[in-house]
Amino acid sequence: MAKIKTTFFCQNCGSQFSKWQGQCTSCKEWNTIAEEVIQKPEKSNWKTQSSTDIRISKPLKINEIDTSQEARLDILDNEFNRVLGGGMVKGSLTLLGGEPGIGKSTLLLQIALNINYKTLYVSGEESQRQIKMRAERINPSCESCYILTETKTQNIFKQIESLKPEIVIIDSIQTLHSDFIESSAGSISQIKECTTELIKFAKETATPVLLIGHITKDGHIAGPKILEHMVDTVLQFEGDRNHVFRVLRANKNRFGSTNELGIYEMQGSGLREVSNPSEILISEKDGELSGNAVAATLEGLRPLMIEVQALVSTAVYGTPQRSATGFNAKRLNMILAILEKRAGFRLGAKDVFLNITGGITVDDPAIDLAVVAAILSSNEDMALPSDFCFAAEVGLSGEIRPVQRVEQRILEAEKLGFKTIFISKYSKISIKNTSIVVQKVSKIEDIIHHLI
C-alpha cells in the first residue's frame with residue numbers, strides 16, 4: 001500500500017507548506033493553515049479510453065493550424081455572448097463568481113433552459129425539486145435541460161458518458177469532491193483535483209463547462225488562486241442587492257476582451273437583458289435639480305450615458321467629509337483640489353458627496369468633466385440643462401484632456417436626445433451634419449463660463 005502523504009495548505013490564499021505554522025507568510029492571516037491528506041493514484045478520474053472524440057496531440061507548425069472550425073456556441077443571451085467575446089468556445093472552462101444571492105445560479109439555469117443544446121445542470125447545493133420550482137418561473141417548457149444532484153465527480157462523469165451533453169454546468173465547484181483525494185469538499189486539494197478533471201474532460205471532448213464559484217468575504221473566489229489560472233474565462237456577477245440591476249464583467253478571457261459589460265435586471269421571472277443601459281442609468285425627474293450631470297462613458301465597445309450626482313454642503317463638524325459611491329474617492333479629492341487651485345472655489349470647508357446612479361462603478365476618466373459640472377451645480381445651487389452631457393478628462397493643471405473614441409460618445413448622446421455635449425478642444429472628430437452641438441473647451445475656466 002502506498003504511503004499516505006500529507007501537506008499543509010492555507011485555506012485563505014492556497015499557499016502550500018511542509019509543516020504547520022500559525023501565520024501564513026503569503027497572506028499574513030493567522031490560523032488558516034490546515035493539514036490535508038493527498039493520496040492520488042496514477043490513473044485519472046476521467047476515463048477516455050472508450051471515447052470516440054479523443055484527439056491525439058502532435059506538434060504542428062503554427063501556420064498549419066486550422067482555426068476555421070472553432071465555431072462558438074450561441075447561447076441566445078446577447079449580454080452573456082458579448083462578455084464572452086461572441087459566444088461560448090467549445091472545450092472552454094468558464095468560472096462565474098459573485099456574492100451569495102446575487103443570481104449566479106439563476107443566470108446559468110436560465111441559459112440552460114433557453115438554449116437549444118443538450119445541457120446537463122449538476123447541482124451540489126439544491127435538490128431537483130428546488131431547481132424545478134425555479135425553472136417553472138423561467139421556462140417551464142424546456143426539454144433539452146437535464147438536472148443532476150450529485151457531488152462526487154466519479155458519479156458525475158458516469159452520467160456524462162451515458163448522456164453525452166453538449167454543455168455542462170457545475171453548481172458549484174466548491175461542493176464537488178473526488179475519491180482520489182482524502183479531504184473534505186471545498187478544500188484546496190479537492191478544488192484543484194476536481195478542476196483538473198473537468199479541464200481534461202472539456203479539452204478531450206470539446207464540451208464547454210460552466211462553473212459557479214463561491215467568493216470569500218474579501219470578494220475573491222474561494223479556493224486557491226491557481227483556480228483562476230487554470231480556467232479559460234473568469235466572470236464576475238456583481239450588483240447591489242438593494243437594486244434590481246446586475247452587472248456581468250470578465251476579469252479574464254482567453255477568447256475575447258475583458259472590457260465588455262453585460263447588464264441584467266432581476267425580475268420575478270428571471271434575469272432580463274438590458275439592451276439599452278442608459279435607460280436605467282439616467283433617472284427620470286419631474287423638474288430640473290441642482291447637482292446632476294450626465295457623462296458619456298464607454299464599457300468595452302458599448303457607449304453608456306450615466307448620471308453623476310453631487311451634493312456640496314457646509315461642513316457641520318471640523319473636518320469636511322468626502323464620500324464617493326461608484327467613483328474613486330482619491331480621484332474625487334484630486335478634482336476638488338483642481339477646482340480650488342485653478343478655479344478659485346473654496347471647497348476645503350465643505351462636505352462633498354458623489355454618487356453614480358444605478359449602483360454601478362465607473363473607472364473611465366471621461367466622466368471627470370461631468371463630476372466637475374455636478375459639483376459646481378450643487379455648490380452654486382443651480383440646475384444644469386437636462387440636455388447637456390460631458391465627455392472629457394480633467395488634468396492637474398486644469399486643462400481639459402481628450403478621451404478615446406469620442407465620436408462614438410457623441411453619436412450615442414445624439415441618439416438619446418441630448419442637444420449639447422462638452423468635449424476637449426484637442427479631440428479630433430470627423431463626423432459632420434449632427435443635430436447635437438459639440439462644444440469644445442480647453443480649460444476648466446471655459447466650462448465654468450458656459451455653466452455659470
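**Salt bridges and a helix**

Author: Glu393 forms a salt bridge with Arg331, and their closest N and O atoms are 3.4 Å apart. Keep in mind that this is a predicted model.

Reader: Where do Glu393 and Arg331 lie?

Author: Glu393 sits in strand β20 (residues 393-394), while Arg331 is in helix α8 (residues 329-342). The pair therefore ties together parts that are 62 residues apart in sequence.

Reader: Why does Glu393 count as partly exposed?

Author: Because its relative accessibility is 21%, and buried means under 20%. Arg331 also counts as partly exposed, at 23% relative accessibility.

Reader: How many salt bridges does the count come to?

Author: The count comes to 15 salt bridges.

Reader: Ok, take Asp232. Which residue does Asp232 form a salt bridge with?

Author: Arg254 is the partner of Asp232, with the closest N and O atoms 2.7 Å apart. This pair links distant parts of the chain, 22 residues apart. Asp232 is in the loop between α6 (226-230) and β11 (233-238). Arg254 is in the loop between β12 (245-253) and β13 (261-267).

Reader: And is Asp232 buried or exposed?

Author: Asp232 counts as buried, at 3% relative accessibility. Arg254 counts as partly exposed, at 45%.

Reader: What about Arg272? Which residue does Arg272 bridge to?

Author: Arg272 forms a salt bridge with Glu265, and the closest N and O atoms are 2.6 Å apart. Glu265 is buried, with a relative accessible area of 17%. Arg272 is partly exposed, at 31%.

Reader: Which residues are linked in a network?

Author: Glu79, Arg82 and Arg302 are linked in a network of salt bridges.

Reader: Switching topic. How many residues does α9 have?

Author: Helix α9 (residues 368-380) has 13 residues. From its first C-alpha to its last, α9 reaches 18 Å. That is close to the 18 Å expected at 1.5 Å a residue.

Reader: Is α9 mostly covered or mostly open?

Author: Mostly covered: 12 of the 13 residues of α9 are buried.

Reader: Which ones are buried in α9?

Author: Among them are Leu369, Val371, Val372, Ile375 and Leu376. The buried residues of α9 also include Asp368, Ser377, Ser378 and Asn379.

Reader: Last one. What follows α9?

Author: Asp381 follows α9, and the phi of Asp381 is positive, near 55°.

How values were computed
Residues are numbered from 1 along each chain as its sequence is written. This is a predicted model: local features need pLDDT of at least 70, side-chain atom pairs count only at pLDDT 80 or more; totals for chains, interfaces and linings use all residues. Side-chain values use heavy atoms; hydrogens and water are left out. Helices (H or I, at least four residues) and strands (E, at least two) are DSSP runs, numbered from the N terminus. The expected span of a helix is 1.5 Å times one less than its number of residues. Buried means under 20% relative accessible area, exposed over 50%, partly exposed in between (1.4 Å probe, protein chains only). A salt bridge is a side-chain nitrogen of Lys or Arg within 4 Å of a carboxyl oxygen of Asp or Glu.
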